[in-house]
Amino acid sequence: MRQAGRYLPEYRKVRGEAGSFLDLCYSPELASEVTLQPLRRYDLDAAIIFADILVVPHAMGNGLAFVDGEGPVLETVRSGADLERLVAGTGSKQFAAVGQSIARVRSELDKSVSLIGFCGAPWTVASYMIEGKGSDRKLALQCAQDRPKWFSDLIELLVENSIAYLCMQVEAGADALQIFDSWGGELPGELFDDLSVRPIQRIVVGVKARFPSVPVIVFAKGAGERHASIFSGTGCQAVGIEAEFSLEAAVRALPGHAILQGNLDPEALLGEKDALQAAVLQILRGIPRKRHIFNLGHGIKQFTDPEMLSVVVETIREFDRGHAHV
């Protein structure tokens, strides 16, 4: 979860040289470099391409900038007229840049290490487009309740463009895909099914029509018990579990063939080594290793000591060596 980022000094160096955050995202040379940086430090089984969930709306012609201290600022979409200025992302310079980054990383990675591509889920991306920035999403949630035609059309456009974007990533060399619905857990009742589960399901179907064997992970943060609906309703192969939901509860809620990813609390990396090791071991002992992808329950915190990630990885490897005969 956010492998390449502000906690790594080598990342901060490249980020300073790149200029803006978007310049870094859209430079295949620099984006591939920061994607590979964690792999040079840690014994990881996969890399995730350095990009952003807002690449899709940007590629569709929606204005986007990243402001220091504020985060993403987008041109707002709040009417049918606003939809008319959006275009298909296929063939865009944004899609092309991410594809080139993936190809560069894949060519440099050992074949034993997987490369993960990703996109944001339609509901999460739409909420950014409606609000124009990260926010409490009150306006987006009201649109979700009222369901004006332009809102439904926006969701459909994001589904179509996300399919194209993910398929491009597989063509470029991604071995697996992850869909992030960062705000999915906020949707109540039927809205969760209508605006999180079903749009993601349409994306998975669209990708699988072209690449039936590519594994798909869905992370609907805050879904809790509804991760079972994400798994059964989307056709994905794995679900990410947030730190706030216990892995034991997830194991009970999901069928035995579901792969789970997560869910170490990023805050644990800011504490003492012994407590961190205990937290890692609790997760490892709580689920069969064959159905678990060890990961964080959300992104690494900015001021995390990189050595604490070494503690996590070494604890996992030692555990696996000790249980190799089981």
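Trainee: What makes Asp153 count as buried, exposed or partly exposed?
Mentor: Asp153 has a relative accessible area of 29%. Buried means under 20% relative accessible area, exposed over 50%, and partly exposed in between (1.4 Å probe, protein chains only). Asp153 is therefore partly exposed. A caution on the values: this is a predicted model, where local features need pLDDT of at least 70 and side-chain atom pairs count only at pLDDT 80 or more, while totals for chains, interfaces and linings use all residues. Residues are numbered from 1 along each chain as its sequence is written, and side-chain values use heavy atoms, with hydrogens and water left out.

Trainee: How do you know whether Arg137 is buried or exposed?
Mentor: Its relative accessible area is 8%, so Arg137 is buried. Its salt-bridge partner Glu186, at 2.5 Å from N to O, is partly exposed at 34%.

Trainee: What makes Arg40 exposed?
Mentor: Arg40 has 53% relative accessibility, and therefore counts as exposed. Arg40 forms a salt bridge with Glu33 at 2.9 Å, N to O, and Glu33 is partly exposed at 26%.

Trainee: How many salt bridges does a search of the whole structure find?
Mentor: The search finds 16. Asp43, Asp45 and Arg317 are linked in a network of them.

Notes: A salt bridge is a side-chain nitrogen of Lys or Arg within 4 Å of a carboxyl oxygen of Asp or Glu.
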